Amino acid sequence: VFQFVVSIVLFVGTFVIYSQLGYIQDKNLGFDKEQVIVIKRAYDLGTKTGEFKHALLTSSKIVSVSGSTAIPGDQNSDRGYWVGGTSIQHMQDLREMWADYDFLQTYGMSLAGGRYFSTEHAADSGAVVVNQQVERVFGIRDLVGRNLMAPGQTESQAETLPVVGVVSNFNFESLHQAIRPLVIRYLAPNSPAQFISVRVKPGSYPSTISFIEDTWRKYAGNEAIDYAFLDQDLARLYIADRRTSEIATSFSVLAIFVACLGLLGLAAFVTERRTKEIGIRKVLGASIPEILSLLTSEFAKWVLLANAIAWPVAYFVMNRWLQNFAYRVNLGVWIFVLAGSAAMVIALVTVVSHTLRAATANPVEALRYE
């Protein structure tokens, strides 16, 4: 019973972890992570950022290019803000990043209100775009047209930043973390950027990357280029969870193997003790299925007991593990039923494989036993 309790708990853990990782893989993050190449340490371009971006756009394989101080999954700073017309005592710590005109298009994000930075509005250099979470934090339904205030050296020198748009919430951090309020500030075209994001057309990646590298050398000189596909970088946020999955799977296989060895030995012992009983039953007309049912039902009830013990334990353990994620799967009954059924099937196959020989043996030989 103890061995099958352990096995079922590990089975449930394996199913839950795989379900959660699948959920992470398929969840809509609020932006398009595919076909985006991120160039890191783009500040090596200095003031040639704008020229580099324009040069990349001469390729028909590149859809859009954007410079920013942060990207989804990497590097956002915090800063205090409050809403104009209220006091500094209402200041909240918000995540902050700087991005250029093309950030929204490059990442395929959508607006919930207002507009994004535009070359048609010169005053946007002092404006901000916020996510929906900022409105929730301040308890204001629509921030477009209002001002955010950022502290200066003194309270009277606070920055006044008009809100021109609200971007739909997107997961700019790992799914372990709930979406936090974010302020996007305007980054001028030639300002140094920490990251340059390049959206490319599907296919022909080697030639596209080669073009990007050649263009980089033209504008960054001898500085080495450091780039990665965004979806691969985001996947690295869950390396620890994938390792947990691999460990749980390995221990599940080991635990069920050990449990089956014990069950096989127990089945051999029981059938050995009941050899004469089996022979008598067969002489009196018992069929092979009836004999098998007699021998396996005794083991089945103990596996059912193991399920009754394992399910609450597995629920407690996996519910605690899922608390590490702000966005997670539900612990459905089907997971426990599947794990319990798998353990039951394995147990019965193990027992039947041994008891079948006793059930099909010549009853005369059984009656001569001892």
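**View 1. Thr 14 is found in helix 1, helices being DSSP runs (H or I) of at least four residues and strands DSSP runs (E) of at least two, numbered from the N terminus.** The model is predicted, and for this reason local features need pLDDT of at least 70 and side-chain atom pairs count only at pLDDT 80 or more, while totals for chains, interfaces and linings use all residues. Residues are numbered from 1 along each chain as its sequence is written, and side-chain values use heavy atoms, with hydrogens and water left out. Thr 14 has a relative accessible area of 9% and is therefore buried, a word that stands for under 20%, with exposed meaning over 50% and partly exposed in between (1.4 Å probe, protein chains only). Leaving aside neighbours within four places in sequence, Thr 14 is in contact with Ala 248, Thr 249 and Ser 252, where contact means heavy atoms within 4.5 Å.

**View 2. The largest nonpolar core holds 65 residues, of which Phe 4, Val 12 and Tyr 107 touch the most other members.** The largest share of this core, ten residues, comes from helix 1, which covers residues 2-26. Such a core is a set of buried Ala, Val, Leu, Ile, Met, Phe, Trp, Tyr and Cys residues joined through side-chain atoms within 4.5 Å. Beyond its neighbours within four places in sequence, Phe 4 is in contact with several residues, among them Ile 256, Leu 263, Val 303 and Ala 347. A second, separate core of 18 residues includes Ile 37, Ala 42, Ile 212 and Phe 229.

**View 3. Glu 173 is found in the loop between strand 8 (159-167) and strand 9 (182-186).** Because its relative accessibility is 18%, Glu 173 counts as buried. Its side chain makes a polar contact of 2.5 Å with the side chain of Arg 180; a polar contact is a pair of N or O atoms within 3.5 Å, of which, within protein, one must be able to donate a hydrogen and the other to accept it, and residues adjacent in sequence count only if both atoms are side-chain atoms. With neighbours within four places in sequence left aside, the residues in contact with Glu 173 are Gly 73, Arg 95, Ala 178 and Arg 180.

**View 4. Arg 217 has its place in helix 5 (residues 205-220).** Arg 217 is partly exposed, with a relative accessible area of 48%, and a polar contact of 2.3 Å joins its side chain to that of Asp 214. The C-alpha atoms of Arg 217 and Leu 45 are separated by 9.7 Å, although these residues are 172 residues apart along the chain.
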